[in-house]
Amino acid sequence: MALAMEEPRKLRGHKSTATCCIASRDRPGLVLTSGEDGCVCWFDLRCKDVQFIIDVGTEPVSSLCFKTGNENILYASSGNEIKSFDVHTLSANSWKPLESFSYNKDEVNQVVCNGKSSFLASADDSGDVKIIDIGQRCLYKTLRAGHTSICSSVQFIPWRPWEVITGGLDSKLVLWDFSKGRSQKIIDFGSDTNNNSGQCLNPAFVHSIAIPEIDMVDKLDKICAVARGDGIVDLINIESELSRKGTSSKGSSSSSNNAIKRVCLDYSIGGHNAAVSCVAFSLFKEKGRFLISGGNDKTVKIWDCFKCLDLNNNNNNRDLLHLNIILSKKVNWLCTNQSDSENLVVCDTTRVVKVYSIS
């Protein structure tokens, strides 16, 4: 359903387009954003103005993540570098990073930290993924030859501590054992010949991946959400895919052993009609209840995950879409926080970050 939303709160601090946003798990209302201006803005939603601005460098900051378990440590990717900052040591006159890693040969698209805060993973334009040992401050492994084009997204799999999943502009989703440095499974969305009528004809590039946090798994199962360039959002059961041999294509939604293998959220049930740029599981209300997707069609769609994954759901498929928010610009990135209000943060193609209240 499309509802008239209240005017969003606007966060100002960047001098050019905002590229990424993350929200604190430990401190409600704390939101960090990055931009093409090479800066990171630190917002406390309890306050009116930006708290402070970190000058990372001259190149755009493409991605942000906290160090798991210690949100005073921030990682930011800029160009082919990953820089870490300790917010306790920052001042207006000193933006010197704690550490800087330059293992990626090309521009980094996403950096993430694993649940034990022992490794970073960084995906870059060459298609490679670097696994960095945080404690030893060295390169642990390079994941190569899984993607033939830009690797746009990477996530650790919390219930499989030595595995990551990556997506790329070759329309492939790759599951890796990074302890061995090799791929375990490749899903090729480019071989999908069952495209739905009315769906946009862009390639099925993988722009973003979301994995539920470990405390969401009991309700959502061991799934991942995939934002695709053809406007489709896929929900994929990782364990079901790993149990299948060989490279697989999209295929149709099916179930076995009382688990959903794949759910396809497309234009026919109210989905996007242009590329999907970002997906995230909700942290507000009942954690994981909603999947949020944002796209180049200038919309943010809020999907009811519980209904999407319910094998016995006899409701009309359009009930899967909980809310449709119409924007004025394309979405670059989004995230959620645990608050009851001001809980959806959206970076669009402007320098002003928008904050919506979802109930």
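# Working chat: surface, rings and salt bridges

Tutor: The accessible surface of the chain comes to about 15000 Å², and carbon and sulfur atoms account for 44% of that. Keep in mind that this is a predicted model.

Student: What share of the residues counts as buried?

Tutor: Of the 359 residues in the chain, 57% count as buried.

Student: And how many helices and strands does the chain have?

Tutor: There are three helices and 31 strands.

Student: What about contacts between residues at least 6 apart in sequence: what percentage join residues at least 24 apart?

Tutor: For the chain, that figure is 50%.

Student: Let's pick a residue. Where does E163 lie?

Tutor: E163 is in strand β15, which covers residues 163-168.

Student: Is E163 buried or exposed?

Tutor: E163 has a relative accessible area of 9%, so the residue is buried. The cut-off for buried is under 20%.

Student: What does E163 touch, leaving aside neighbours within four places in sequence?

Tutor: E163 is in contact with F156, I157, W176, D177, F178, Q184 and L242.

Student: Which residue forms a salt bridge with E163?

Tutor: That is R160, with the closest N and O atoms 3.0 Å apart. The side chains of E163 and R160 are also listed as joined by a polar contact of 3.0 Å. R160 counts as partly exposed, at 24% relative accessibility, whereas E163 is buried at 9%.

Student: Why would two such side chains pair at all?

Tutor: Side chains of opposite charge can pair when their charged atoms come close.

Student: How many salt bridges are there in the whole structure?

Tutor: A search finds 17. One of them joins E342 and R9, where the closest N and O atoms are 3.1 Å apart. That pair links distant parts of the chain, 333 residues apart: E342 is in the loop between β29 (331-336) and β30 (344-348), and R9 is in strand β1 (residues 9-11).

Student: How accessible is E342?

Tutor: E342 is partly exposed, with a relative accessible area of 24%.

Student: What does K10 pair with?

Tutor: K10 forms a salt bridge with E7, and the closest N and O atoms are 3.6 Å apart. K10 is partly exposed at 39% relative accessible area, while E7 counts as exposed at 63%.

Student: Are F156 and F178 buried or exposed?

Tutor: F156 counts as buried at 10% relative accessibility. F178 counts as buried too, at 0%.

Student: And W162 with F178, what kind of pair is that, and why?

Tutor: The ring centres of W162 and F178 are 5.5 Å apart and the planes are at 45°, so the pair is tilted. This pair also links distant parts of the chain: W162 sits in the loop between β14 and β15, F178 in the loop between β16 and β17, 16 residues apart. W162 is partly exposed, with a relative accessible area of 41%.

Student: Which residues do the ring pairs link into a cluster?

Tutor: F119, Y140, F156, W162 and F178 are the cluster linked by ring pairs.

Student: What lies over the face of Y140?

Tutor: K141 does, at 4.7 Å from the ring centre.

Student: Changing topic. Where is S208, and is S208 buried or exposed?

Tutor: S208 is in strand β18 (residues 206-210). With a relative accessible area of 0%, S208 is buried.

Student: What does the side chain of S208 reach?

Tutor: The S208 side chain reaches the backbone nitrogen of V279 at 3.3 Å.

Student: And what else does S208 touch, not counting residues up to four places away in sequence?

Tutor: Besides V279, S208 touches S153, A225, V226, A227, S277, C278 and W333.

Key
Residues numbered from 1 in each chain as written. Predicted model: local features only at pLDDT ≥ 70, side-chain atom pairs only at ≥ 80, totals over all residues. Heavy atoms only, no water. Helix = DSSP H or I, 4+ residues; strand = E, 2+ residues; numbered from the N terminus. Buried < 20%, exposed > 50% of the residue type's maximum accessible area, 1.4 Å probe, protein only. Polar contact = N/O pair within 3.5 Å; in protein donor to acceptor, adjacent residues only side chain to side chain. Contact = heavy atoms within 4.5 Å. Phe/Tyr/Trp six-rings, centres within 6.5 Å; stacked < 30°, edge-to-face > 60°. Lys NZ or Arg CZ within 6 Å of the ring centre and 35° of its normal. Salt bridge = Lys/Arg side-chain N within 4 Å of Asp/Glu carboxyl O. Areas by Shrake-Rupley, 256 points an atom, 1.4 Å probe, with all protein chains shown as cover.
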